[in-house]
Amino acid sequence: MGMTLSAAAPVPDRADIWIVIAAFNEGTMIASVVQSVKQRGYPVVVVNDGSRDNTGDVALSAGAHVVSHPINLGQGAALQTGIKYAVRQGAQIVVTFDADGQHAADEIEHMADALLKHNVDIALGSRFIGQAVGIPKLRVLTLKAAAMFTWITTGVRLTDAHNGFRAMTRDAATHLKIYQNRMAHASEIVSYIAKHKLRVTEVPVTITYTDYSLRKGQKLSNSVRILIDLFLGRISR
């Protein structure tokens, strides 16, 4: 799979860098997240993943394109929907970005630039070569264990395998297929990188943990579910 960008090509205009946000019941946070991205000139698509609150309406009022799932399908499915939408709108780079306020919009440019600078297909954010502000110690251990598991099962060595901040070329975004609907999609994306021999780099990013994001975020008890989802996904394909 080749890149759309080349070493001689300029970085696309911000209007060609689409931000994809999967959102479920984020009505209290989504406006500020969308606005922080829009203020920097990036188009945003929010996939309202069967929310039971006003997430979709709030995101639309904040200036996002909104695509809604009638029922909650999970973050993996929502990202797949959003990536497809962004590609159809002409995106040259697609960036996935969390809805809970953990990511910093001013780091989007660094993520997009990394694709060209390192001549890669996908750039993955890493809080462990960047900063993880307020991260619980148990979560550090869990995430490092997940990175080790991903290395063992895919051969792709990363410091942070479950970071939702990613940038990908149009070509990579067009061909990416996410089958794991829920949180196991993060490991599945790394498996896809390995299978298709995509060029990848990690980029330092800042993840800021708040009481809100910790309530909304990945629970330690879901780690076993992730492994089961991945195992069943391998069998089914």
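**Salt bridges and a surface patch**

Reader: Why is Arg 127 called buried?

Author: In this predicted model, Arg 127 has a relative accessibility of 7%. Buried means under 20%, so Arg 127 counts as buried.

Reader: What makes Arg 127 and Asp 160 a salt bridge?

Author: Their side chains meet at 2.6 Å, N to O. The rule asks for a side-chain nitrogen of Lys or Arg within 4 Å of a carboxyl oxygen of Asp or Glu, so the pair of Asp 160 and Arg 127 qualifies. The pair links distant parts of the chain, 33 residues apart: Arg 127 is in strand 5, and Asp 160 is in the loop between helix 5 and strand 6 (166-169).

Reader: Is Asp 160 buried or exposed, and how do you know that?

Author: Asp 160 has a relative accessibility of 1%. The cut-off for buried is under 20%, so Asp 160 counts as buried.

Reader: How many salt bridges does this rule give?

Author: The count comes to three. Another of them joins Glu 109 and Arg 14, at 2.9 Å from N to O. Glu 109 lies in helix 4 (residues 108-117) and Arg 14 in the segment before strand 1 (17-23), so this pair ties together parts that are 95 residues apart in sequence.

Reader: Why are Glu 109 and Arg 14 called partly exposed?

Author: Glu 109 has a relative accessibility of 36%, and the value for Arg 14 is 32%.

Reader: What makes Arg 199 and Asp 121 a salt bridge?

Author: Their side chains meet at 3.3 Å, N to O, and the limit is 4 Å. Arg 199 sits in the loop between helix 7 (185-195) and strand 7 (200-208), while Asp 121 sits in the loop between helix 4 and strand 5 (122-133), 78 residues apart. Arg 199, at 33% relative accessibility, counts as partly exposed. Asp 121, at 1%, is buried.

Reader: Which residues form a nonpolar patch on the surface?

Author: Met 148, Trp 151 and Ile 152 form this patch, with about 310 Å² of accessible area together. Trp 151 belongs to helix 5 (residues 137-154).

Reader: Why is Trp 151 called partly exposed?

Author: Trp 151 has a relative accessible area of 31%. Exposed would need over 50%, and buried would need under 20%, so Trp 151 is partly exposed. Patch residues need over 30%, and Trp 151 has 31%.

Key
Residues numbered from 1 in each chain as written. Predicted model: local features only at pLDDT ≥ 70, side-chain atom pairs only at ≥ 80, totals over all residues. Heavy atoms only, no water. Patch = residues over 30% accessible without salt bridge, like charges linked within 9 Å, V, L, I, M, F, W, Y side chains within 5 Å. Areas by Shrake-Rupley, 256 points an atom, 1.4 Å probe, with all protein chains shown as cover. Helix = DSSP H or I, 4+ residues; strand = E, 2+ residues; numbered from the N terminus. Buried < 20%, exposed > 50% of the residue type's maximum accessible area, 1.4 Å probe, protein only.
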